[in-house]
Amino acid sequence: MSSSAIAKRSLNMHQLKCVFDKILTLLERISEETFWEGLIGQRLANLGKRYFGNDFVMLSIIFYITPILRTRWDELVERLLRNRNDPKYVSVEIRPSDNIYSAISYFINRNTKSVPGLKEAVAGYEPEEVHTSDTPVVKSLPKVGFYPLVNTSAEIEYKGHILYVARRTDDDNNTSHHRSRTEYLSISMEDEDLNLLKQFMQEWADQYNEQDGDNVTIYKYNGYSWECMKTVEPRGFETVNLKPGLKEKIINDMEIFRHRRKWYKTRGIPYRRGYLLYGPPGTGKTSLIQALASKLSMNVAVVSLLEVHGDSEFTDMLADAPSNSLLVIEDLDHYISSAETGRVTMSGMLNALDGIQGQEGAMIFMTCNDFNKIQPALLRPGRMDVKLKLDYAVREQIVDMFWRFFGHDYDTFDMIVGKRRDYLAGICNTFADCVPVDEVTTAELQSYFITLIMENSSDENPDGIFDLLIEGVPEFLSKIKIDREQAAEHARLKLNSSASTVVEDEESETTEAPETIEAPETTETNDEKAETKKDVKETKKEDEKVTEKEDEMVAKKEENIMPTKKIESIIDDVVKEVEAVKIA
Ligand SMILES: Nc1ncnc2c1ncn2[C@@H]1O[C@H](COP(=O)(O)OP(=O)(O)OP(=O)(O)O)[C@@H](O)[C@H]1O
C-alpha cells in the first residue's frame with residue numbers, strides 16, 4: 001500500500017474517534033437537567049419535572065432529538081445507498097517528465113473527439129511525413145489534434161471502455177489553456193482494478209514505439225514545462241564530420257560512464273557527467289548531440305537558459321527533465337546572471353547542477369560559441385568533465401564532407417566504387433587543396449555543396465558540377481565573409497539592445513580554452529586519480545589567468561567570430577591556387 005493510502009486511512013480513524021468523542025460529550029450534556037432548563041426555560045422544565053419526575057429528561061430527549069435524528073438517519077441511509085451504487089474509478093497521473101508521457105499524449109491527441117462544453121480548443125499542429133507509393137517525395141501534412149482543456153475531462157472510447165482524460169495542473173486556479181509547468185495528464189476509467197488501465201496504456205506505448213521505431217524525441221523546455229517538440233529519425237554517427245578521433249573519444253567516454261553506476265556509488269561521487277561543446281556556429285554541436293543520442297538510444301531534452309525564469313525554476317526544470325534523455329543546456333555564453341533580471345544566476349545554476357535530484361546517471365551537455373565567456377566555476381570537473389572544441393574544418397573534415405555529398409549514387413545511394421571513385425578522389429584532393437584549413441565551418445561547406453547540387457545537377461554533363469565546385473571556391477569564400485559580417489552585425493545590434501539588462505556575475509573571470517577532450521581513464525583507480533589531478537590543475541589554471549589577458553581575449557573573440565581579415569588574404573591565395581589548378 002502506498003504511503004498516501006496509509007496516511008489517508010489513519011486520518012479516517014482519527015476523524016472517527018473525534019466524532020465518537022463528540023457524541024459521548026453530547027449525551028453527557030443532554031442527560032443534565034441544567035441543559036434542558038437552558039434550552040426550554042426554567043418554568044417549562046419545572047412543569048416537566050413535576051409531571052414526569054425522573055423521566056422528564058428521557059422524554060425531552062425523545063421529543064426533541066428524535067425528529068433531528070430521523071432526518072439525519074434518512075440522509076445517512078441515502079448516502080450509503082448512493083455510495084453502493086456509485087461506480088468505482090481508477091485513475092493515473094502522467095507527468096511530462098515520465099517516459100510514457102509522449103506516447104500517452106500522442107494517443108490522447110489522436111483520439112479526443114469531443115470535449116464537453118467546448119468553447120475553446122487547444123489544437124496541436126503536427127507535421128506528418130507521408131511516403132506515397134508512386135513517388136519517393138516525402139510530403140509534410142499539417143495534422144490538427146485536439147487536446148482536452150485544462151481541468152475539463154474529455155471522453156475517449158477504447159475497446160468498449162470510456163476513459164476520461166484531462167489536462168490538470170497542480171495549481172487549482174490555473175484555467176489557462178496554455179501549458180503550465182505544473183501540468184500533467186490524468187486518465188480515469190470505471191473499474192476497480194488498475195490492471196486494465198495499465199494494460200491499455202502499455203498498448204498505447206507499444207503502438208507509439210512501433211511507429212516511432214528508433215526515432216529520437218526532442219523535448220524542449222518552453223519556459224513552463226518540458227514539451228515534446230518532435231521526433232526525428234536517428235542521426236547516423238557517420239553523418240557528423242569532426243576532427244579525427246573526437247567522435248570516438250566522446251562516445252567511449254559516454255559508454256564507460258553508462259557502465260560506471262556502481263563505481264560512482266561506491267565512491268560516493270554524484271553519478272552524472274557534464275560535457276561542454278563549444279566553438280563557432282555551424283560546426284556540428286547540435287548534430288553531434290543528436291548522433292550521440294541516436295547511438296545510445298536516448299532522447300534529447302534541450303533548454304535555453306534564456307527561457308528559464310530564475311534559480312528555483314532552473315532546479316525544478318532539471319528535476320523534471322524527461323528521463324532517458326541527454327540534457328542540453330544551450331546558449332551558455334548568452335545567459336544573464338543577475339538575480340534581478342529574473343534569470344538564472346551563476347550560483348543558482350551551480351547549486352542546481354551540484355545537487356541535481358532525480359537525475360541519476362544524467363549526461364548534461366552545455367553548448368556555447370564563446371568559451372571565454374564561461375565562468376571558470378562552471379568548468380570544474382564534476383560540473384564539466386569533458387570539454388570538446390568543435391572548430392573550423394580541418395582537411396580531413398573537408399574530405400569527409402566531400403565524400404558524404406558526392407561519394408554516393410544520387411538515385412540508389414550506393415557508394416561509388418572502382419574507377420569512378422578514383423576519379424572522384426582526384427577531384428576531392430583538388431577541392432581540399434583549394435579550401436583553406438581552419439577557416440570554414442562544416443555547415444558552410446554543407447550549404448555550398450547543397451546549393452551546387454540543387455542548381456547544377458544535369459544528366460547531360462554530370463561531371464560539370466565538379467568544375468563548378470573547384471571554380472566556385474573563391475566566390476564561396478567571399479560569400480562566407482559577407483554572411484559572417486552580417487551575422488556579426490546582427491549579433492552586435494542584439495547585444496546592444498539587451499546590454500542594459502545584462503549584468504556581469506561577480507564570478508566572471510577569464511579562462512584559457514582547453515584544446516582537446518579529456519577522456520576518462522579506463523581503470524577505476526586511474527579514473528579517480530585523474531579526476532583529482534584535473535581538479536587541482538584546473539583550479540590552479542583558473543586562478544593564474546587573471547584580467548591581464550583581457551585585451552588578448554577581445555582580439556581572440558573577434559577573430560573567432562569573424563576572421564574576415566584573414567579570409568580576404570586567403571581568398572587571394574585561393575584564386576591564385578585555382579588559377580594554378582586550371583593551368584595544370
Ligand atoms: N561537423 C559536422 N558534420 C556534419 N554536418 C554538420 C557539421 N557541422 C554542421 N553540420 C551541418 O550544419 C547544420 C548546422 O549544424 P549544427 O546545428 O549541428 O551546428 P551547431 O554547431 O550546433 O551550430 P550553433 O552553434 O549555431 O547551434 C546542420 O544541418 C548540420 O547537419
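Reader: Which hand does the crossing of helix 15 and helix 16 have?
Author: In this predicted model, helix 15 and helix 16 cross in a right-handed sense.

Reader: At roughly what angle do the axes of helix 15 and helix 16 cross?
Author: The crossing angle is roughly 140°, and the two axes come within 10 Å. Helix 15 covers residues 442-456, and helix 16 covers residues 464-471.

Reader: Turning to helix 7 and helix 9, at about what angle do they pack?
Author: Helix 7 (residues 246-258) and helix 9 (residues 285-295) pack at about 45°. Their axes lie 11 Å apart. The pair is therefore oblique.

Reader: And is that crossing left-handed or right-handed?
Author: The crossing of helix 7 with helix 9 is right-handed.

Reader: Which residues make the contact?
Author: Helix 7 contributes Lys247, Ile250, Ile251 and Met254, while helix 9 contributes Leu288, Leu292 and Lys295.

Reader: How many of them are nonpolar, polar and charged?
Author: The contact of helix 7 with helix 9 comprises five nonpolar residues, no polar residues and two charged residues.

Definitions and conventions:
Residues numbered from 1 in each chain as written. Predicted model: local features only at pLDDT ≥ 70, side-chain atom pairs only at ≥ 80, totals over all residues. Heavy atoms only, no water. Axes fitted to C-alpha atoms, helices over the stretch in contact; angles between N-to-C directions. Helix = DSSP H or I, 4+ residues; strand = E, 2+ residues; numbered from the N terminus. Left-handed = near helix turned anticlockwise from the far one by under 90°. Parallel < 35°, antiparallel > 145°, perpendicular 65-115°, else oblique. Contact = heavy atoms within 4.5 Å. Nonpolar A, V, L, I, M, F, W, Y, C, P; charged D, E, K, R; others polar.
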